[in-house]
Amino acid sequence: MLLAACGGEEAADEGDETEEDREFTLEELEEYDGHDGNDAYVAVDGVVYDVTDVDEWEGGEHAPAGGLEAGDDHTEEIEEAPHGTDVLEDLPTVGTLEE
């Protein structure tokens with residue numbers, strides 16, 4: 001029975017796409033703006049990060065950066081930020097941005 005249960009789990013996992021495997025178009029990313037109960041995602045250097053639970057991105061707006069909005073590619077803006085890309089290291093990744 002144990003083998004059957006283990007085999008069943010493997011079969012269920014086959015073909016499942018994890019969040020980190022998801023590829024977003026810019027249009028799809030725009031849906032994750034942190035408004036109206038939506039999660040807040042931002043892309044930097046082709047990687048999409050979940051900033052939903054980050055206080056500085058409350059409501060989908062990054063007030064310290066002059067009001068950047070979630071749901072967009074902020075590769076250029078983060079290069080100008082005083083914190084640089086170091087802040088991204090602890091954020092969950094949810095996929096990549098389609099080129």
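## The largest pocket

Helix 3 gives the largest share of the lining of the largest pocket, three residues. Helices here are DSSP runs of H or I with at least four residues, strands are runs of E with at least two, and both are numbered from the N terminus. This is a predicted model, so to speak from the outset: local features need pLDDT of at least 70, side-chain atom pairs count only at pLDDT 80 or more, and totals for chains, interfaces and linings use all residues. Residues are numbered from 1 along each chain as its sequence is written, and side-chain values use heavy atoms, with hydrogens and water left out.

The pocket has a volume of about 380 Å³. Of its 20 lining residues, Trp57, His62, Ile78, His83 and Val87 are the closest to the centre. Strand 2 and helix 3 (75–80) are the elements that give two or more residues to the lining. By type, the lining splits into 14 nonpolar, three polar and three charged residues (Ala, Val, Leu, Ile, Met, Phe, Trp, Tyr, Cys and Pro count as nonpolar, Asp, Glu, Lys and Arg as charged, the others, Gly among them, as polar).

As for terms, a pocket is an open set of points on a 1 Å grid over the protein atoms alone, where a 1.4 Å probe fits, with protein on both sides within 12 Å along at least five of seven lines; lining residues have an atom within 4 Å of a point. The volume is the space filled by probe spheres set on the points, which are joined across faces, edges and corners.

Now for the strands: five of them make an open, mixed sheet in the order 1-7-3-2-6. Strand 1 (23–24) and strand 6 (72–73) sit at the edges, each pairing on one side only. Pairing takes at least two DSSP bridges between two strands.

Strand 2 (residues 41–44) runs parallel to strand 6, with two bridges, and alanine 43 faces aspartate 73 there. Strand 2 is antiparallel to strand 3 (residues 47–50), over four bridges, with valine 42 opposite tyrosine 49. These two strands form a hairpin with two residues between them, and aspartate 45 in the turn has a positive phi of about 55 degrees. Strand 3 also runs antiparallel to strand 7 (residues 93–97), through three bridges; valine 47 has threonine 96 as its bridge partner in strand 7.

## Confidence

The chain's mean pLDDT (the predictor's confidence in each residue, from 0 to 100) is 84, and 79% of residues reach 70 or more. Residues 1–17 fall below 50, and beyond near neighbours in sequence this stretch has one contact in the model (heavy atoms within 4.5 Å). Where pLDDT is low, the predicted coordinates should not be read in detail.
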